[in-house]
Amino acid sequence: MHRNLATGALLTGAALAVLAACGTDARSGADGTGRTTERAVPAPVKPVRPVVDGLPGMPPVLDPKDVYAADRPNRLSPVVKDFPPRVYVPNTESDTVSVIDPKTYRVIETIRVGRQPQHVVPSWDLKTLWVNNDRGNTLTPIDPATGKAGKPVEVHDPYNLYFTPNGKYAVVMASLDRELVFRDPHTMKRIKTEPVTCYGVNHADFSLDGKYFIVSCEFSGELLKVDTERMKVVAQQKLPLKGAMPQDVKVSPDGKLFYIADMMAHGMWIVDGATFGKPRFLHTGKGCHGLYVSRDSREMYVTNRGEGTVSVFDFTKGELTRKWRLPDGGSPDMGGVSADGKVLWLSGRYNSEVYAIDTADGRQIARIKVGGGPHGLAVYPQPGRYSLGHTGVFR
């Protein structure tokens, strides 16, 4: 009798109501005759396996055909939805961060930070912006809710900063130290140091499953492949051009190819991430430097710092479709795309200015004076569930 009651508890409220209407006696068997009857117990529901077998602890991949699926226009995380929209510009020669209101295109505040700030980097949990004070050997935290800077944290040679896709580690690109330093993502306490034999580690991006990432080495013209979980370099190659100087790195939406900007080759290297074989090359323009994916994942904006242009690359066609030229020239460097996808924001590295460019037609919307040597500016907030670092690489 107790077994029948336990089984009956598995029925829905609607099913119990039907039984009651038929005059079933609770003291008799389930069929009302006093006989015990067996009822089918639903089979245990098997857990749904993720579409992609990702790095342990990493949020599930939303779309195996598009690593940027979470980055659609204005799809802001609840964590950041109330943050005021701002553009944070690190000025390497002024030791400041210029804060721009994107609605007015005006500098509304200048924050004093450490020596030679290189990039403004959103944390994995989206709650903090870290200013990389490379020569000052510190990270300055900025609260994006208030725009206020906090107490600097001592970190040696933080040229650039990334986060593993599971949020377990921060990865400091210690360029001059020739190290990849894995740290606690909140306290920045050193966990593991991975020495490298190349020179000038600076930019990176992660595979679709998060299990490896590819790093550019600016001063020796090399690429590294790093096992994320083991925190270890597993492959290394020299780019097939004397004097190569690789910069920004971005993975294709389908996660198969990595694009590496090269400011001396004046274009992008394209590498198969799985095989890490010999790369092919696509010319874009003089001083190819920064790579930024559009909100619909169809195109990538490629900055050509040496000629004041932006090339537009079509992922599906695998070719360049347009080139936008800044009026009066300029030096478009690093930046990001606005939350709605309509404006591309770029620092003018050698012109002490920032450019706002219309992504529909390449028209220059604004040219804003900032401090000296503006570099890795961050547009914030941006869509996405978590940040992989740099000036805003979101998944």
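Is Cys198 buried or exposed? Cys198 has 0% relative accessibility, so Cys198 counts as buried. Buried here means under 20% relative accessible area, exposed means over 50%, and partly exposed lies in between, with a 1.4 Å probe and protein chains only.

Some housekeeping before I go on. This is a predicted model, in which local features need pLDDT of at least 70 and side-chain atom pairs count only at pLDDT 80 or more, while totals for chains, interfaces and linings use all residues. Residues are numbered from 1 along each chain as its sequence is written, and side-chain values use heavy atoms, with hydrogens and water left out.

Back to the cysteines. A disulfide is called when two cysteine sulfur atoms lie within 2.5 Å, and that rule gives one disulfide. The partners are Cys198 and Cys217, with 2.1 Å from S to S. Cys198 sits in the loop between strand 12 (190–195) and strand 13 (201–206), and Cys217 is in strand 14 (residues 212–217), so the bond ties together parts 19 residues apart in sequence. Strands are DSSP runs of E, at least two residues, numbered from the N terminus. The torsion about the S-S bond is about -50°, so this disulfide is left-handed. Cys217 is also at 0% relative accessibility and therefore buried. Cys288, at 0%, counts as buried as well.

Next, Val293. Val293 belongs to strand 21 (residues 288–293) and is buried, at 12% relative accessible area. Leaving out residues up to four places away in sequence, Val293 touches Tyr68, Glu299, Met300, Phe315 and Val337; contact means heavy atoms within 4.5 Å. Lys250 is 43 residues from Val293 in sequence, and their C-alpha atoms are 8.3 Å apart.

Conventions
Helix = DSSP H or I, 4+ residues; strand = E, 2+ residues; numbered from the N terminus.
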